[in-house]
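Subject: Handing over the structure

Dear colleague,

I am passing on the structure we spoke about, with the sequence alongside. Please have a look at it before you read my notes below.

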Amino acid sequence: MEPRQPYPVTPPQSGRRRGGLAFFTSPLVLTLLWLLAGIGVVAAGGGWAPTPSKQLPVVEFGPGQSALVDPFEITAVKAVWSDSIEPLRLNAEGMRYILVAFDVRNTMNFPVGINFLMKDKTTAEFGALATSDAPTPVASPLVRVSDNLPPNDLQPGLTARLAFVFEQPASAPPPEVVKFGLPAHTWRLHAAGHEWNWFDTRIAAYATMPVTKAGSQ
Amino acid sequence: MKSKLRLLLMLALLLAVLAAGSWVAGHIPSPTAVADRPFYRRGVVGETVEFRIGKVTVNNISVAKTLKTNSEVVISDGVLLLIDFQFAPSEYRQPIPSWYLEDAGGRLYGGIMPATRSCGSGQPGTIVHCQTYLELPPSALVGAHLAMQPSRQVGHKFTARQQNAFSGPDDIVLIDLQLSKGRADELVAAAGDAQLSPPTVEVAS
């Protein structure tokens, strides 16, 4: 009597199939290959994270024109200089003051801290003045034109007229033009996922305005 | 050949199931979202509403164009909504509740106003009368609700978990200001100069 086979015997396959193709057709390897292919497709499309793949355009605008500088819509109003600004108690002897005014509207659906988003993040170039003559921001450089108070949270849909205030020695020639860089921001979840906030600050627009003597127009 | 086809079908099915699972998972509220959902206590102007830390009553609202505070004059490019309310803490000393306004379109107004004055805290057994204000565009008044919640840091940095910067897993008193278009227009037309009243405290009877 023949001994009983413990297991059914499968016919032997060719050596090539066992060693090569069989490896690639095993469910585990096939699954891994599918996953790798998926990762490759996603990576080719820029990956999972939203990355700013394109250089965002920088808008240039002038007096009376508007630009969308997230989260604000900003309209350039005018730039003037004066030897004193009494409502702000800026009247130091030997100094000159420059105001650069904008109308700013909050485009979000919640209050936005404009001082927080603008302070120290704007740029200002006053033509070809020497470095020692170039205007510098005063101690509280951003004010509401309506009541001379520092702005805090700008409410949704509300347009406020704001002025950036600079000073320079009166002995220096007054600036003739200002090129003002305005920062845009993105409201998004922190990369660590723990809070929403404003990120990705970058200069998104330049407002160029002539600087005239206050009261001359 | 058949087994290969079966394997491919199995993989396709697996991917389909994974995709469907991801879609379903994306539509299930997270535990955080459920835990953070506020409890609304609704009322109208003149009605006392009880919430976690005490009772609050919005007694009156009015609209001004300019507002004198302690030493400053706020002149708005929009309007200033003045809110008179009283707060009686229930058990412990409590800071005056924070407030914000939600308009008919879901936009939120609040945070730090140009000139601020604190109404301080309330002690149990007392009623604090407080007047405050919010700067708004006139269009925000129609259909607006005033929300008041246990005090928290509401500043320029909104620590929103999601889009709604103010919501949280706490009681929120929601007062319907009952402002129709006609009533809102009346208030705006009558807006003039106002003075912000200082807070006062009375002993609860």
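What follows is a short account of what was found in it.

This is a predicted model, in which local features need pLDDT of at least 70, side-chain atom pairs count only at pLDDT 80 or more, and totals for chains, interfaces and linings use all residues. Residues are numbered from 1 along each chain as its sequence is written, while chains are lettered from A and ligands numbered from 1 in the order in which they are written. The model as a whole scores ipTM 0.79 and pTM 0.77.

In chain A, the secondary structure consists of three helices and eleven strands, where helices (H or I, at least four residues) and strands (E, at least two) are DSSP runs, numbered from the N terminus. Followed along the sequence, these elements of chain A come in the order α-α-β-β-β-β-β-α-β-β-β-β-β-β. Of the 217 residues in chain A, 27% are buried, a residue being buried if 20 or more other C-beta atoms, placed from the backbone, lie within 10 Å of its own.

Chain B has three helices and 13 strands, and buried residues account for 32% of its 205 residues. Its domain assignment, which gives domain 1 (1-35) and domain 2 (38-203), has bounds that come from an automatic or database domain assignment. The C-alpha centres of domain 1 of chain B and domain 2 of chain B are 48 Å apart. The C-alpha trace of chain B spans about 85 × 40 × 30 Å along its principal axes, and its radius of gyration is 24 Å, whereas a compact globule of 205 residues would have one near 17 Å. That radius is taken over C-alpha atoms, and the globule rule is 2.2 Å times the number of residues to the power 0.38.

How do the two chains meet? In the model, 27 residues of chain A are in contact with 30 residues of chain B, two residues being in contact if their C-beta atoms, placed from the backbone, lie within 7 Å. On the side of chain A that touches chain B, α2 (27-44), β9 (159-169) and β11 (196-213) of chain A each supply at least two residues, and the largest share, four residues, comes from α2(A).

Finally, a word on confidence: chain B averages a pLDDT (the predictor's confidence in each residue, from 0 to 100) of 87, and 91% of the residues score at least 70. Over residues 153-165 of chain B, however, the pLDDT is below 50, although this stretch has 22 contacts in the model beyond near neighbours in sequence.

With best wishes

How values were computed. A residue is buried if 20 or more other C-beta atoms lie within 10 Å of its own, exposed if 12 or fewer, and partly exposed in between; C-beta atoms are placed from the backbone.
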